[in-house]
Amino acid sequence: MFSEEFRQAISSANSVMILTGAGVSKESGLDTFRDAGGHWSRYNPIELASPQGFAADPKLVWEWYSARKEKALAAEPNPGHFAITEMEQIFPNFSLFTQNVDRLHQKAGSKKVHELHGNIMSAHCNNCGLVYMNEIDITQGLPHCAVCGGYARPSVVWFGEQLPEEILEKAINFTKSVDIFFTIGTSAEVYPAAHLPHLAKESGAFVVEVNPNETSFTRFADISFRNPSGEILPKILNLIKEVKSYG
Ligand code: BV8
Ligand code: ZN
(Lines give C-alpha, C1' and ligand atoms only; values in the text may rest on other atoms or scores of the structure.)
(Ligands and ions follow the chains in the order given, each with its own letter.)
Protein backbone atom coordinates (compact mmCIF):
# COMPACT_ATOMS: atom_id res chain seq x y z
CA MET A 1 0.00 0.00 0.00
CA PHE A 2 2.77 2.47 0.85
CA SER A 3 5.89 3.05 -1.26
CA GLU A 4 9.44 2.62 0.02
CA GLU A 5 9.94 6.31 -0.78
CA PHE A 6 7.11 7.29 1.61
CA ARG A 7 8.43 4.96 4.34
CA GLN A 8 11.88 6.51 3.93
CA ALA A 9 10.49 10.07 4.15
CA ILE A 10 8.63 9.19 7.36
CA SER A 11 11.56 7.41 8.92
CA SER A 12 13.93 10.37 8.44
CA ALA A 13 11.33 13.06 9.19
CA ASN A 14 11.73 15.24 12.22
CA SER A 15 9.44 18.16 11.40
CA VAL A 16 5.96 17.72 9.94
CA MET A 17 3.44 20.34 8.86
CA ILE A 18 -0.19 19.69 8.03
CA LEU A 19 -2.46 22.05 6.07
CA THR A 20 -6.16 21.13 6.13
CA GLY A 21 -9.23 22.36 4.29
CA ALA A 22 -12.96 21.75 4.39
CA GLY A 23 -12.57 18.19 3.03
CA VAL A 24 -11.17 16.94 6.34
CA SER A 25 -14.53 17.79 7.96
CA LYS A 26 -16.66 16.25 5.19
CA GLU A 27 -16.87 12.87 7.01
CA SER A 28 -18.08 14.77 10.06
CA GLY A 29 -21.08 15.84 7.98
CA LEU A 30 -19.99 19.42 7.27
CA ASP A 31 -20.28 20.84 3.75
CA THR A 32 -17.18 21.69 1.77
CA PHE A 33 -17.11 24.80 -0.37
CA ARG A 34 -16.56 23.49 -3.85
CA ASP A 35 -17.98 19.99 -3.82
CA ALA A 36 -21.40 19.60 -5.41
CA GLY A 37 -23.87 20.72 -2.79
CA GLY A 38 -21.12 22.61 -0.96
CA HIS A 39 -21.76 26.12 0.33
CA TRP A 40 -20.61 27.93 -2.76
CA SER A 41 -22.91 25.99 -5.11
CA ARG A 42 -25.90 27.39 -3.19
CA TYR A 43 -24.59 30.88 -2.67
CA ASN A 44 -22.26 33.31 -4.36
CA PRO A 45 -19.17 33.19 -2.11
CA ILE A 46 -18.37 36.85 -2.64
CA GLU A 47 -21.92 37.66 -1.59
CA LEU A 48 -21.57 35.90 1.74
CA ALA A 49 -17.92 35.66 2.74
CA SER A 50 -16.77 39.23 2.06
CA PRO A 51 -16.93 42.68 3.70
CA GLN A 52 -18.99 43.94 0.74
CA GLY A 53 -21.49 41.09 1.17
CA PHE A 54 -21.75 41.81 4.88
CA ALA A 55 -22.23 45.53 4.34
CA ALA A 56 -24.90 44.82 1.69
CA ASP A 57 -26.86 42.26 3.71
CA PRO A 58 -25.59 41.63 7.26
CA LYS A 59 -28.73 39.63 8.10
CA LEU A 60 -28.21 37.13 5.23
CA VAL A 61 -24.53 36.73 6.13
CA TRP A 62 -25.33 36.26 9.83
CA GLU A 63 -28.01 33.69 8.98
CA TRP A 64 -25.51 31.69 6.88
CA TYR A 65 -22.81 31.77 9.56
CA SER A 66 -25.23 31.01 12.40
CA ALA A 67 -26.53 27.96 10.52
CA ARG A 68 -22.95 26.78 9.86
CA LYS A 69 -21.99 27.41 13.50
CA GLU A 70 -24.90 25.29 14.74
CA LYS A 71 -23.87 22.46 12.41
CA ALA A 72 -20.22 22.76 13.45
CA LEU A 73 -21.14 22.69 17.15
CA ALA A 74 -23.23 19.53 16.59
CA ALA A 75 -20.53 17.83 14.48
CA GLU A 76 -18.10 15.27 15.87
CA PRO A 77 -14.48 14.90 14.74
CA ASN A 78 -13.92 11.92 12.41
CA PRO A 79 -11.05 9.36 12.33
CA GLY A 80 -9.06 11.74 10.13
CA HIS A 81 -9.07 14.45 12.81
CA PHE A 82 -8.08 11.94 15.49
CA ALA A 83 -5.21 10.56 13.37
CA ILE A 84 -3.86 14.10 13.00
CA THR A 85 -4.09 14.56 16.79
CA GLU A 86 -1.94 11.42 17.29
CA MET A 87 0.57 12.51 14.66
CA GLU A 88 1.13 15.66 16.72
CA GLN A 89 2.31 13.48 19.60
CA ILE A 90 4.68 11.39 17.48
CA PHE A 91 6.70 14.05 15.67
CA PRO A 92 8.87 16.28 17.89
CA ASN A 93 8.43 19.20 15.54
CA PHE A 94 4.82 19.35 14.37
CA SER A 95 2.46 22.07 13.27
CA LEU A 96 -1.14 22.12 12.04
CA PHE A 97 -2.47 25.02 9.97
CA THR A 98 -6.13 24.86 9.02
CA GLN A 99 -8.32 26.87 6.65
CA ASN A 100 -11.32 25.49 8.51
CA VAL A 101 -13.32 27.56 10.96
CA ASP A 102 -15.27 24.66 12.53
CA ARG A 103 -12.80 23.97 15.39
CA LEU A 104 -13.12 20.19 14.91
CA HIS A 105 -9.34 19.80 15.15
CA GLN A 106 -9.48 21.28 18.66
CA LYS A 107 -12.50 19.08 19.50
CA ALA A 108 -10.38 16.05 18.44
CA GLY A 109 -7.62 17.07 20.87
CA SER A 110 -5.12 18.77 18.55
CA LYS A 111 -3.15 21.24 20.66
CA LYS A 112 -1.12 23.26 18.16
CA VAL A 113 -3.84 24.44 15.76
CA HIS A 114 -3.25 27.62 13.76
CA GLU A 115 -6.42 29.01 12.14
CA LEU A 116 -5.48 30.74 8.88
CA HIS A 117 -9.06 31.85 8.20
CA GLY A 118 -10.28 32.57 11.71
CA ASN A 119 -13.10 30.71 13.46
CA ILE A 120 -16.87 30.61 13.31
CA MET A 121 -17.41 30.32 17.06
CA SER A 122 -16.52 33.85 18.08
CA ALA A 123 -17.45 37.32 16.81
CA HIS A 124 -16.00 40.81 17.02
CA CYS A 125 -17.08 44.36 16.23
CA ASN A 126 -16.65 45.18 12.53
CA ASN A 127 -15.83 48.73 13.50
CA CYS A 128 -13.68 48.80 16.64
CA GLY A 129 -12.65 45.14 16.86
CA LEU A 130 -14.11 44.53 20.33
CA VAL A 131 -14.29 40.75 20.81
CA TYR A 132 -17.62 39.33 21.92
CA MET A 133 -17.36 36.78 24.68
CA ASN A 134 -21.03 36.04 25.07
CA GLU A 135 -23.19 34.07 22.68
CA ILE A 136 -24.47 35.97 19.64
CA ASP A 137 -28.18 35.37 19.14
CA ILE A 138 -29.41 36.87 15.86
CA THR A 139 -33.03 35.99 16.57
CA GLN A 140 -33.10 39.13 18.72
CA GLY A 141 -31.97 41.22 15.75
CA LEU A 142 -28.45 41.97 14.50
CA PRO A 143 -25.87 42.28 17.29
CA HIS A 144 -24.34 45.72 17.76
CA CYS A 145 -21.20 46.70 19.61
CA ALA A 146 -21.88 47.94 23.15
CA VAL A 147 -18.93 50.33 22.89
CA CYS A 148 -19.21 51.92 19.45
CA GLY A 149 -22.56 50.76 18.07
CA GLY A 150 -20.92 49.06 15.07
CA TYR A 151 -22.06 45.66 13.75
CA ALA A 152 -20.70 42.47 15.29
CA ARG A 153 -19.38 40.04 12.67
CA PRO A 154 -18.15 36.42 12.73
CA SER A 155 -14.41 36.25 13.45
CA VAL A 156 -13.57 34.62 10.12
CA VAL A 157 -11.27 35.98 7.39
CA TRP A 158 -13.39 37.06 4.39
CA PHE A 159 -12.33 37.30 0.75
CA GLY A 160 -10.33 40.46 0.28
CA GLU A 161 -9.30 40.52 3.95
CA GLN A 162 -5.78 39.91 5.20
CA LEU A 163 -5.03 36.67 7.00
CA PRO A 164 -3.79 37.09 10.60
CA GLU A 165 -0.23 38.36 10.01
CA GLU A 166 1.60 36.39 12.68
CA ILE A 167 -0.13 33.11 11.77
CA LEU A 168 0.65 33.51 8.07
CA GLU A 169 4.25 34.41 8.89
CA LYS A 170 4.56 31.31 11.10
CA ALA A 171 3.02 29.15 8.36
CA ILE A 172 5.50 30.43 5.77
CA ASN A 173 8.52 29.98 8.05
CA PHE A 174 7.51 26.46 9.06
CA THR A 175 6.71 25.51 5.45
CA LYS A 176 10.23 26.50 4.39
CA SER A 177 11.91 24.26 6.97
CA VAL A 178 9.67 21.24 7.23
CA ASP A 179 10.65 17.65 6.24
CA ILE A 180 7.15 16.41 5.32
CA PHE A 181 4.20 18.65 4.34
CA PHE A 182 0.70 17.11 4.22
CA THR A 183 -2.03 18.99 2.31
CA ILE A 184 -5.31 17.36 3.31
CA GLY A 185 -8.88 18.02 2.13
CA THR A 186 -8.25 21.26 0.31
CA SER A 187 -8.87 22.21 -3.31
CA ALA A 188 -5.79 24.45 -3.09
CA GLU A 189 -7.71 27.30 -4.77
CA VAL A 190 -7.73 29.97 -2.08
CA TYR A 191 -4.64 32.10 -1.62
CA PRO A 192 -2.36 32.73 0.22
CA ALA A 193 -3.02 29.34 1.93
CA ALA A 194 -2.92 27.56 -1.45
CA HIS A 195 0.64 28.83 -1.95
CA LEU A 196 1.96 26.87 1.05
CA PRO A 197 2.14 23.41 -0.55
CA HIS A 198 4.00 24.90 -3.53
CA LEU A 199 6.41 26.69 -1.18
CA ALA A 200 6.96 23.42 0.70
CA LYS A 201 7.82 21.65 -2.55
CA GLU A 202 10.17 24.46 -3.63
CA SER A 203 11.85 24.33 -0.20
CA GLY A 204 12.64 20.62 -0.52
CA ALA A 205 9.92 19.08 1.64
CA PHE A 206 8.36 15.71 0.80
CA VAL A 207 4.77 16.76 -0.04
CA VAL A 208 1.83 14.41 0.50
CA GLU A 209 -1.68 15.22 -0.74
CA VAL A 210 -4.84 13.53 0.60
CA ASN A 211 -7.93 14.21 -1.50
CA PRO A 212 -10.46 11.87 -3.18
CA ASN A 213 -10.29 14.21 -6.18
CA GLU A 214 -7.40 15.63 -8.17
CA THR A 215 -6.57 19.26 -7.47
CA SER A 216 -4.48 21.89 -9.22
CA PHE A 217 -1.68 20.87 -6.81
CA THR A 218 -1.79 17.10 -7.47
CA ARG A 219 0.87 17.11 -10.19
CA PHE A 220 3.36 18.78 -7.82
CA ALA A 221 2.85 16.33 -4.93
CA ASP A 222 5.40 13.57 -4.23
CA ILE A 223 2.48 11.32 -3.35
CA SER A 224 -1.24 11.99 -3.77
CA PHE A 225 -3.71 9.63 -2.06
CA ARG A 226 -7.06 9.55 -3.91
CA ASN A 227 -8.90 8.62 -0.68
CA PRO A 228 -11.16 10.25 1.87
CA SER A 229 -9.02 11.55 4.77
CA GLY A 230 -11.11 9.71 7.38
CA GLU A 231 -10.15 6.42 5.73
CA ILE A 232 -6.51 6.89 4.74
CA LEU A 233 -5.16 8.99 7.65
CA PRO A 234 -5.58 6.18 10.24
CA LYS A 235 -3.65 3.90 7.85
CA ILE A 236 -0.92 6.51 7.41
CA LEU A 237 -0.80 6.88 11.21
CA ASN A 238 -0.28 3.09 11.57
CA LEU A 239 2.51 3.25 9.02
CA ILE A 240 4.13 6.11 10.96
CA LYS A 241 3.92 4.11 14.21
CA GLU A 242 5.41 1.04 12.46
CA VAL A 243 8.22 2.99 10.82
CA LYS A 244 8.95 4.96 13.98
CA SER A 245 8.37 1.69 15.95
CA TYR A 246 6.33 3.87 18.22
CA GLY A 247 4.08 2.70 20.99
C1 BV8 B 1 -6.31 37.96 0.57
C2 BV8 B 1 -13.91 32.32 5.26
C3 BV8 B 1 -5.20 39.88 0.11
C4 BV8 B 1 -14.45 31.64 6.41
C5 BV8 B 1 -12.52 31.79 3.42
C6 BV8 B 1 -6.79 35.56 -7.99
C7 BV8 B 1 -5.62 34.86 -7.80
C8 BV8 B 1 -5.09 34.66 -6.52
C9 BV8 B 1 -5.77 35.15 -5.39
C10 BV8 B 1 -6.94 35.84 -5.62
C11 BV8 B 1 -7.46 36.06 -6.87
N12 BV8 B 1 -8.61 36.75 -6.74
C13 BV8 B 1 -8.83 36.98 -5.44
C14 BV8 B 1 -7.81 36.46 -4.77
C15 BV8 B 1 -7.62 36.48 -3.33
C16 BV8 B 1 -8.56 35.49 -2.66
C17 BV8 B 1 -8.55 34.15 -3.33
O18 BV8 B 1 -7.63 33.37 -3.17
N19 BV8 B 1 -9.61 33.88 -4.12
C20 BV8 B 1 -9.69 32.60 -4.80
C21 BV8 B 1 -11.16 32.19 -4.91
C22 BV8 B 1 -9.02 32.73 -6.16
N23 BV8 B 1 -8.01 35.34 -1.32
C24 BV8 B 1 -8.38 36.22 -0.37
O25 BV8 B 1 -9.20 37.11 -0.54
C26 BV8 B 1 -7.68 36.06 0.96
N27 BV8 B 1 -7.19 37.34 1.35
O28 BV8 B 1 -5.81 37.46 -0.40
O29 BV8 B 1 -6.08 39.19 0.99
C30 BV8 B 1 -5.12 41.24 0.52
C31 BV8 B 1 -3.98 41.93 0.12
C32 BV8 B 1 -3.88 43.23 0.45
C33 BV8 B 1 -4.87 43.86 1.20
C34 BV8 B 1 -6.01 43.14 1.61
C35 BV8 B 1 -6.15 41.83 1.26
C36 BV8 B 1 -8.65 35.58 2.03
C37 BV8 B 1 -8.94 34.12 1.79
C38 BV8 B 1 -9.83 33.58 2.91
C39 BV8 B 1 -11.26 33.64 2.46
N40 BV8 B 1 -12.09 33.01 3.48
N41 BV8 B 1 -13.35 31.36 4.32
C42 BV8 B 1 -15.53 30.74 5.98
O43 BV8 B 1 -16.60 31.23 5.53
O44 BV8 B 1 -15.29 29.55 6.14
S45 BV8 B 1 -12.04 30.77 2.18
C46 BV8 B 1 -12.86 29.30 2.22
O47 BV8 B 1 -12.25 28.53 1.16
C48 BV8 B 1 -12.68 28.46 3.46
O49 BV8 B 1 -11.79 28.98 4.41
C50 BV8 B 1 -12.09 27.19 2.87
O51 BV8 B 1 -11.34 26.49 3.76
C52 BV8 B 1 -11.27 27.77 1.81
C53 BV8 B 1 -10.60 26.83 0.86
O54 BV8 B 1 -11.50 25.89 0.48
P55 BV8 B 1 -11.15 24.38 0.92
O56 BV8 B 1 -10.96 24.33 2.39
O57 BV8 B 1 -10.04 23.90 0.06
O58 BV8 B 1 -12.50 23.73 0.60
P59 BV8 B 1 -13.01 23.33 -0.86
O60 BV8 B 1 -14.46 23.03 -0.83
O61 BV8 B 1 -12.48 24.32 -1.85
O62 BV8 B 1 -12.24 21.96 -1.15
C63 BV8 B 1 -12.57 20.83 -0.36
C64 BV8 B 1 -11.69 19.74 -0.88
O65 BV8 B 1 -11.91 18.60 -0.07
C66 BV8 B 1 -12.00 19.34 -2.31
O67 BV8 B 1 -10.79 19.33 -3.05
C68 BV8 B 1 -12.56 17.92 -2.19
O69 BV8 B 1 -12.14 17.09 -3.25
C70 BV8 B 1 -11.94 17.46 -0.90
N71 BV8 B 1 -12.68 16.43 -0.18
C72 BV8 B 1 -14.00 16.12 -0.26
N73 BV8 B 1 -14.27 15.09 0.58
C74 BV8 B 1 -13.11 14.78 1.20
C75 BV8 B 1 -12.09 15.63 0.73
N76 BV8 B 1 -10.83 15.57 1.16
C77 BV8 B 1 -10.54 14.62 2.08
N78 BV8 B 1 -11.45 13.76 2.57
C79 BV8 B 1 -12.74 13.81 2.16
N80 BV8 B 1 -13.64 12.95 2.66
ZN1 ZN C 1 -17.29 48.41 18.32
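**View 1. The three-stranded sheet, in order β5-β4-β6.** In this predicted model, three strands make an open sheet with antiparallel pairing. β5 (131–132) and β6 (152–156) sit at the edges with a single partner strand each, so one side of each has no neighbour in the sheet.

**View 2. Where β4 meets β5.** Zoom in on strand β4 (residues 118–125): two bridges tie β4 to β5, and the pair runs antiparallel. One spot to look for is His124, whose bridge partner in β5 is Val131.

**View 3. A helix across β4 and β6.** Helix α5 (residues 58–74) is the one lying over these two strands, and α5 runs at about 135° to β4.

**View 4. The six-stranded sheet, β3-β2-β1-β7-β8-β9.** Here's the other open sheet, this one with parallel pairing. The edges belong to β3 (113–115) and β9 (223–225); each has just a single partner strand, so one side of each goes without a neighbour in the sheet. On average, and ignoring direction, neighbouring strands of this sheet are turned by 20° against each other.

**View 5. β7 next to β8, with two helices packed on the sheet.** Strand β7 (residues 180–184) and strand β8 (residues 206–210) run parallel and are joined by five bridges. Pick out Phe182 and you'll find its bridge partner in β8, Val208. Helix α1 (residues 4–12) packs on the sheet and touches β7, β8 and β9, with its direction at about 115° to that of β8. Helix α10 (residues 229–243) also packs on the sheet, touching β7, β8 and β9; for α10, the angle with the direction of β8 is about 140°.

Technical notes: Residues numbered from 1 in each chain as written. Chains lettered and ligands numbered in written order. Predicted model: local features only at pLDDT ≥ 70, side-chain atom pairs only at ≥ 80, totals over all residues. Heavy atoms only, no water. Pairing = 2+ DSSP bridges. Helix = DSSP H or I, 4+ residues; strand = E, 2+ residues; numbered from the N terminus. Contact = heavy atoms within 4.5 Å. Axes fitted to C-alpha atoms, helices over the stretch in contact; angles between N-to-C directions.
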